[in-house]
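Please read the following briefing alongside the sequence and the structure.

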Amino acid sequence: MIELNTVTKVYDGGVRALDGVTLSIVDGEAVAIVGPSGSGKSTILHVIGTLDRPTTGSVRIGGREVAHLSDRELSAVRARTIGFVFQQFHLAVAVRAVDNVADWLLYAGVPYRERRRRAISALERVGLGHRLRHRPHELSGGEKQRVAIARAIVGEPALILADEPTGNLDPQLAIDILGLFEEIHETGTTVLFATHDRSLLELRSHRIVVLNDGRAVDVPNGLAIAIDEAAPPVDDFTVPMTRVAV
Ligand SMILES: Nc1ncnc2c1ncn2[C@@H]1O[C@H](COP(=O)(O)OP(=O)(O)OP(=O)(O)O)[C@@H](O)[C@H]1O
Ligand SMILES: [Mg+2]
């Protein structure tokens, strides 16, 4: 479903945030993207999410080459196929939880009653059926992140992209949110999330992509294998790991 072929991203000013990344992610996979600060995690999510175009290389989403699509076509791809979750939540201030979620469906042209019905159902799914009328400042950090997740899933996208979704949460909440992503994944959704938090990865055997200086190393069988093979120190993603062809 997602194919990156020798993708580079060079920002104005010359930073080479992605440096020849080749990666395939099939429908229904759950992939953790890890790596030190500045290694290109947000950049790769933006490129995959069509929020940003690569400098060179090919990005195909659902078989379509992103470079061949106009900005308008890309907006349509995003509205129909992709849900985003960001570390800083990005909720609309002073807007009730139900409308924060429902408004996302404006882009897809869903009528008001249907938007509201689906928003309530998405909020119930993330355990927030009792907070529909709360505004962001009346919600806890974990609840805000749940609203953001409800907004990401309300359009029933095939792909969820989450950039450090647990970065602002305490450890127990982070585990709960990870569990929510796993439930979403179990319904067949492809889930890609970037994280700094190695302890989260130790909970489950995710496929892991390690980014370092804009280069990607794929660890398809998760952290346990990576540790066996390379014995990296617990807080260090940067040690070389066995390179696996993708
Ligand atoms: N808009 C931009 N313009 C110029 N350079 C940028 C821009 N965005 C990111 N960079 C640079 O690209 C590199 C990769 O950034 P990116 O945000 O992808 O890293 P990251 O792995 O998400 O880091 P963090 O863990 O801190 O979120 C960094 O060196 C950063 O300074
Ligand atoms: Mg980042």
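A residue is called buried if 20 or more other C-beta atoms lie within 10 Å of its own, exposed if 12 or fewer do, and partly exposed in between, with C-beta atoms placed from the backbone. By this criterion helix H1 is mostly covered, with 6 of its 8 residues buried; helices (H or I, at least four residues) and strands (E, at least two) are DSSP runs, numbered from the N terminus. This is a predicted model, in which local features need pLDDT of at least 70 and side-chain atom pairs count only at pLDDT 80 or more, whereas totals for chains, interfaces and linings use all residues. Residues are numbered from 1 along each chain as its sequence is written, while chains are lettered from A and ligands numbered from 1 in the order in which they are written.

**The sheet**
- An open sheet of 6 strands has the order S6-S7-S8-S3-S9-S10 with mixed pairing, where two strands pair if DSSP finds at least two bridges between them.
- Strand S6 (82–86) and strand S10 (215–219) stand at the edges, and because each has a single partner strand, one side of each is left without a neighbour in the sheet.
- On average, neighbouring strands of this sheet are turned by 15° against each other, direction ignored.
- Strands S7 (residues 159–163) and S8 (residues 190–195) run parallel and are joined by 5 bridges, and leucine 161 has leucine 192 as its bridge partner in S8.

**Helices on the sheet**
- Helix H1 (residues 41–48) packs on the sheet and touches S3 (30–34), S7, S8 and S9 (207–212), its direction making about 155° with that of S8.
- Helix H6 (residues 171–186) also packs on the sheet, where it touches S3, S7 and S8, and its direction makes about 155° with that of S8.
- For these contacts, C-beta atoms placed from the backbone lie within 7 Å, and axes are lines fitted to C-alpha atoms, for helices over the stretch in contact, with angles from 0 to 180 degrees between N-to-C directions.
- The buried residues of H1 are Lys41, Thr43, Ile44, Leu45, Val47 and Ile48, and just after H1 threonine 50 takes a positive phi of about 60°.

**Around ligand 1**
- Ligand 1 is surrounded by 14 residues, the closest being Tyr11, Ser37, Lys41, Ser42 and Thr43; a residue is near a molecule if its C-beta atom, placed from the backbone, lies within 6 Å of it.
- H1 supplies the largest share of this shell, 3 residues.

**Threonine 56**
- Threonine 56 lies in strand S4 (residues 56–61) and counts as exposed because it has 12 C-beta neighbours inside 10 Å.
- Threonine 56 and threonine 8 are 48 residues apart in sequence, yet 5.3 Å apart in space, C-alpha to C-alpha.

Notes
Two residues are in contact if their C-beta atoms, placed from the backbone, lie within 7 Å.
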